[in-house]
Amino acid sequence: MKPISTKQAPAAIGPYSQAIEHGGLVFVSGQLPIDPSTGNFPEGGISEQTRQSLTNIRAILEEAGSSMDQVLKTTVFLADMGDFAKMNAVYSEFFSAPFPARCAVAVKTLPKDALVEIECIAAVVK
């Protein structure tokens, strides 16, 4: 197992890695919408938070030698399923066909009262 870490995404705030590479895959931990330059959520709502979470994922994948085009599966955690359409609109800006498999679920609460958290599994192409 190889830990992946970049300063272009928020540092892990607990006993976990930003990502782990193993067997040609990279497993990216759930990314809250934290701007690594400020340590805060972006101004706005679900659209801005989704964009930041996916920007963090992209930075981690690039550090691992992968990209958004190599994402196989995502899991999206939403604080409110009523935000699904807005999240989905931003999500579609980051992916193109063939789209990754995805699961989107509503959860009671997310760390720091985030509106969204996204994790993924991607192939590593070196």
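Because the model is predicted, local features need pLDDT of at least 70 and side-chain atom pairs count only at pLDDT 80 or more, while totals for chains, interfaces and linings use all residues, and side-chain values use heavy atoms, with hydrogens and water left out.

**The sheet.** Select the strands (DSSP runs of E, at least two residues, numbered from the N terminus, as are helices, which are H or I runs of at least four). You will find 6 strands forming an open sheet of mixed pairing in the order β1-β2-β3-β6-β4-β5, where two strands pair if DSSP finds at least two bridges between them. β1 (2-4) and β5 (101-106) are the edge strands, each with a single partner, so one side of each has no neighbour in the sheet. Now select β4 and β5, which run parallel and are joined by 6 bridges; Lys73, for example, has Ala101 in β5 as its bridge partner.

**The helix across it.** Next select α1, which lies across β1, β2 (19-22), β3, β4 and β6 and runs at about 30° to β6 (axes are lines fitted to C-alpha atoms, for helices over the stretch in contact, with angles from 0 to 180 degrees between N-to-C directions).

Centre on Leu54, which, leaving aside neighbours within four places in sequence, is in contact (heavy atoms within 4.5 Å) with Met68, Tyr91, Phe94, Phe95 and Ile118.

**Two glutamines.** Move to Gln18, in the loop between β1 and β2, which counts as buried at 5% relative accessibility (buried is under 20% relative accessible area, exposed over 50%, partly exposed in between, with a 1.4 Å probe and protein chains only). Its side chain reaches the backbone oxygen of Pro10 at 2.8 Å and that of Ala9 at 3.2 Å. Finally, select Gln31 in strand β3, which is buried at 4% relative accessibility and whose contacts beyond four places in sequence include Gln18, Asn56 and Glu117.

Note on methods: Residues are numbered from 1 along each chain as its sequence is written. A polar contact is a pair of N or O atoms within 3.5 Å; within protein, one must be able to donate a hydrogen and the other to accept it, and residues adjacent in sequence count only if both atoms are side-chain atoms.
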